[in-house]
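Colleague: I'm new to this one. Can you walk me through a few spots?

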Amino acid sequence: MAIFNLDVWKDIILALAVAFVISFAATPVVRSFATKVGAIDIPDNKRHIHKQPIPRMGGLAIFIGFLLSVLLFANITPQVRGILLGAILIVVVGAIDDVMNLNAWLKFCVQIVAAVIAVLSGVIINVVSNPLLITGEQAITVGILAVPVTILWIVGVTNSVNLIDGLDGLACGVSAIASMSMLVVSMLVSNANANVAVILAALCGGCLGFIPYNLNPAKIFMGDTGALLLGYILATASVIGMFKFYAIVTFILPVLALAVPLSDTIFAFTRRILHGQSPFHADRGHFHHKLLDMGLSQKQAVAVLYAVSAILGLTAVLLTSSGPVRIVVAVIAFAIAVCVWLFVFRNNKSIHIPHRDAGSAKESEEESE
């Protein structure tokens, strides 16, 4: 188990705190700016049926907090420099999209370019642990597939966070939980990279600073500016963090931490392709839409997905911990499950699956696809 010295702990805590404060303070300013430039989400009584126009582009506040915190407390290695350059590209295109609604394929191409920038800077999956244990080898060398596998991972995670951005506070909260889960894992795995922990702490702090404005009823949406940024940072941080450890369990650690957005994306793309649609075609088949159709309120649906994300993240922590830590993690996971059950089902005993058309669900919010 890795043991960080006090200086590293100080940097992690300060990175989280500074990103939180800057993001929290910058959000009202960004909200005003978004209104002036026309980055507004207009209700359409279908998938976007919030009661009134709401500014988006709130991810810019998260990015400012994250960027300044990383520059202050992280070691700017070539890998980190590449991640930041790619993040800037992602944010610029996301901000333009929040104002002008760019073509989905154009945004997809930009994501590939951002992933290539990271890869050229050394953010690459060369070796992964053997998850099947078919052979006696603990690790599998990716070889000539290293570049395409890394690009696929980065672009896939980037899109997955964007696709779950459909309810107030959902994508931001899930990203905060995922970043905290990977932060804890990075501190528990042997030879962990303290720099990765600082980056994840900065991202988590930026999310936590923004989320008070984004919870239902949201005052601002983070838009593609934020959703694409969060996915990109989570993907690249996992590559320079967990993928470089060769213990048997580490293959599934980032997958567990990001399981909610990844599984939702896989189901969405598969569903759309089987229906002869573009994988980027917007619909109401996401997990959060299904929860709303079951009769849950928006807050309850978000709470359920928060809980699932937290439990899966804790499972990743459980796999890398030992002794008393495992007991504590198991108790926390059980407590989360009980709390969510009380919040959702005791407050909504009439949950059912009504027959309704796709446009009639209550309280569906922003969908940044």
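This is a predicted model: local features need pLDDT of at least 70, side-chain atom pairs count only at pLDDT 80 or more; totals for chains, interfaces and linings use all residues.

Colleague: Is Ser-175 buried or exposed?

Modeller: Ser-175 is buried. Its relative accessible area is 1%, and the cut-off for buried is under 20%.

Colleague: What is Ser-175 in contact with, leaving aside neighbours within four places in sequence?

Modeller: Val-161, Cys-207, Leu-230 and Leu-234.

Colleague: New topic: helices. At what angle do α4 and α8 cross?

Modeller: Roughly 35°. Helix α4 covers residues 104–120 and helix α8 covers residues 223–240. Their axes come within 12 Å. The crossing is right-handed.

Colleague: Which residues meet there?

Modeller: From α4, Lys-107, Gln-111, Ala-114, Ala-115 and Ala-118. From α8, Asp-224, Leu-228, Tyr-232 and Thr-236. That contact divides into five nonpolar, two polar and two charged residues.

Colleague: Where is the nearest cysteine sulfur to Cys-204?

Modeller: It belongs to Cys-207 and is 6.6 Å away.

Colleague: Is Cys-204 buried or exposed?

Modeller: Buried, with a relative accessible area of 2%.

Colleague: And what does Cys-109 count as?

Modeller: Cys-109 counts as partly exposed, because its relative accessibility is 44%.

Definitions and conventions: Residues are numbered from 1 along each chain as its sequence is written. Side-chain values use heavy atoms; hydrogens and water are left out. Axes are lines fitted to C-alpha atoms, for helices over the stretch in contact, and angles run from 0 to 180 degrees between N-to-C directions. Helices (H or I, at least four residues) and strands (E, at least two) are DSSP runs, numbered from the N terminus. A crossing is left-handed if the near helix is turned anticlockwise from the far one by less than a right angle, and right-handed if clockwise. Contact means heavy atoms within 4.5 Å. Ala, Val, Leu, Ile, Met, Phe, Trp, Tyr, Cys and Pro count as nonpolar, Asp, Glu, Lys and Arg as charged, and the others, Gly among them, as polar. Buried means under 20% relative accessible area, exposed over 50%, partly exposed in between (1.4 Å probe, protein chains only). A disulfide is a pair of cysteine sulfur atoms within 2.5 Å.
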